[in-house]
Amino acid sequence: MKVLVTGGCGYIGSHTIVDLINNGFDVVSVDSNIRSSTQLLDGVEKITGKKIRNYKVDLCNLEDTHAVFHENRDIVGVIHFAALKTVPESVADPLFYFHNNLSSLVNVLKCVKEFNIPNLVFSSSCSVYGNTTELPVVEATPLQEAQSPYARTKQMGEQMIQDYSKVNDTQSILLRYFNPVGAHPSALIGELPLGRPDNLVPVITQTAIGKIPKLTVFGHDYDTRDGSCVRDYIHVMDIANAHTKALQYLLDQKNTDNCEIFNLGTGNGVTVLEAIKAFEKISGVKLNYELGPRRPGDVIAIYANNTKAKQLLGWNPNIGIEDMMRTAWQWEVALRDRVLSN
Ligand SMILES: NC(=O)c1ccc[n+]([C@@H]2O[C@H](COP(=O)([O-])OP(=O)(O)OC[C@H]3O[C@@H](n4cnc5c(N)ncnc54)[C@H](O)[C@@H]3O)[C@@H](O)[C@H]2O)c1
């Protein structure tokens, strides 16, 4: 069974391709490489022995997107990862985000409809909950004002798929990721931000290795246990496996609605300062960090209730914070060693 993965050259897409292949699926990828190269697909090949074809296509271009679907009309589903994801960048340039993340989704939906693709899995985000006071969040927790244009594209993306699903046969799942971190244990694939990263864990590992001189903790006066933001870090291989399980759930026709939502987090809130301490413990590296001002677009605290994904998808995230940090660190060290040996 063949699956079309958009954004397959990216961080979560590449790890999901590994999990899909390990579970017997064939995969084709579509990625414009606006935020990636094919480097991670080379890593996927080393891990799985399978060479993945990537169509270098901008999904905002309908004609090119249509051509990819036309050539792959035998797919059983689409997993749509492709999007821009940097909160501060979206605050600075909202139209870039609205155009890229929403036009691409409209085009994917048009092709899903035209080619009668039965199943769709969409990368959403816990950012859709905004600054909620109801913690942990369940899927039914009312969504608050989006804190950034990026988060708004995820709220709107979800709504677009929900509206689409009301009048079409496609079965859809919206996966709300909390904070995916870590890397495949082989250290052959991992997070590969182009330019300066914004997410905490790559900033931690890049500071530890010396690529970034100093880490700034954005906000230390929030109403949390140590004043820093609280997040629900979840290992990327656990996130990857949820996609395979979601697709299988749709293929087995176990879904109770034609558009279902699942939270993907561990259920444990970890502060930024606790994450730093966990990293220092497993790596033995003392991080150079400072406490800085709050950053626009950040929500204060969020963590998941993941009971629904566990019960219905049979998903069982079991990789803890120290292994998240350990694999992220092994990946960063492997990247440095590769550069040194070239
Ligand atoms: N990483 C996180 O912390 C996180 C959290 C919640 C949700 N998500 C969502 O998960 C998805 C994957 O995130 P990721 O961390 O793997 O990001 P990533 O940047 O590593 O991967 C996204 C990929 O999509 C591609 N892409 C972007 N726009 C495209 C377009 N118009 N046409 C074709 N390709 C395009 C990029 O080149 C990139 O390779 C995104 O939708 C993101 O918003 C990520």
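Tutor: D64 is found in helix α3, which spans residues 62–71. Helices here are DSSP runs of H or I with at least four residues, strands are runs of E with at least two, and both are numbered from the N terminus. The model is a predicted one, in which local features need pLDDT of at least 70 and side-chain atom pairs count only at pLDDT 80 or more, whereas totals for chains, interfaces and linings use all residues. Residues are numbered from 1 along each chain as its sequence is written, and side-chain values use heavy atoms, with hydrogens and water left out.

With a relative accessible area of 34%, D64 counts as partly exposed; buried means under 20%, exposed means over 50%, and partly exposed lies in between, with a 1.4 Å probe and protein chains only. The C-alpha atom of D64 is separated by 9.9 Å from that of N107, a residue 43 places away along the chain.

The start of the helix has a cap. N61 caps the N-terminal end of α3 through a side-chain oxygen that lies 3.1 Å from the backbone nitrogen of E63. A polar contact is a pair of N or O atoms within 3.5 Å; within protein, one must be able to donate a hydrogen and the other to accept it, and residues adjacent in sequence count only if both atoms are side-chain atoms.

Which residues of α3 are buried? They are T65, V68 and F69. These residues cover an arc of only 95 degrees around the axis, so they sit on the same side of α3; the arc is that of the directions from the helix axis to the C-beta atoms. An α-helix has 3.6 residues a turn, so residues three or four places apart point the same way. The cover over the buried residues of α3 includes β1 (2–6), β2 (26–30), β3, β4 (77–80) and α5 (94–114), where contact means heavy atoms within 4.5 Å.

Strand β3 leads on to another helix. In α2 (residues 39–48), the buried residues are L40, L41, G43, V44 and T48. Seen down the axis of α2, they fall within an arc of 150 degrees and therefore line one face of the helix. Their packing partners are α1 (11–22), β3 (53–55) and α11 (321–341). G49 follows α2 and has a positive phi, near 80 degrees.

E332 is buried, with a relative accessible area of 4%. Another salt bridge is formed by the side chains of E322 and K281 at 2.7 Å, N to O. Since E322 lies in α11 and K281 in helix α9 (residues 272–283), the pair ties together parts that are 41 residues apart in sequence.

In all, 29 residues surround the ligand, and the closest are D31, S36, F81, K85 and Y150; a residue is near a molecule or strand if one of its heavy atoms lies within 4 Å of it. A polar side-chain atom of D31 lies 2.6 Å from an oxygen atom of the ligand. For K85, the distance from a polar side-chain atom to a ligand oxygen is 2.7 Å, and for Y150 the corresponding value is 2.7 Å. On its own the ligand has 820 Å² of accessible area, of which the protein covers 95%; such areas come from the Shrake-Rupley method with a 1.4 Å probe, and for residues only the protein chains shown count as cover. Two or more residues of the shell come from each of α1, β5 (119–125) and α6 (149–167). The largest share, three residues, comes from β5.

One further residue deserves mention. T244, in helix α8 (residues 236–251), is buried at 5% relative accessibility. Its side chain makes a polar contact of 2.5 Å with the side chain of D19. Leaving aside residues up to four places away in sequence, T244 touches D19, L20, N23 and F25.

Technical notes:
A salt bridge is a side-chain nitrogen of Lys or Arg within 4 Å of a carboxyl oxygen of Asp or Glu.
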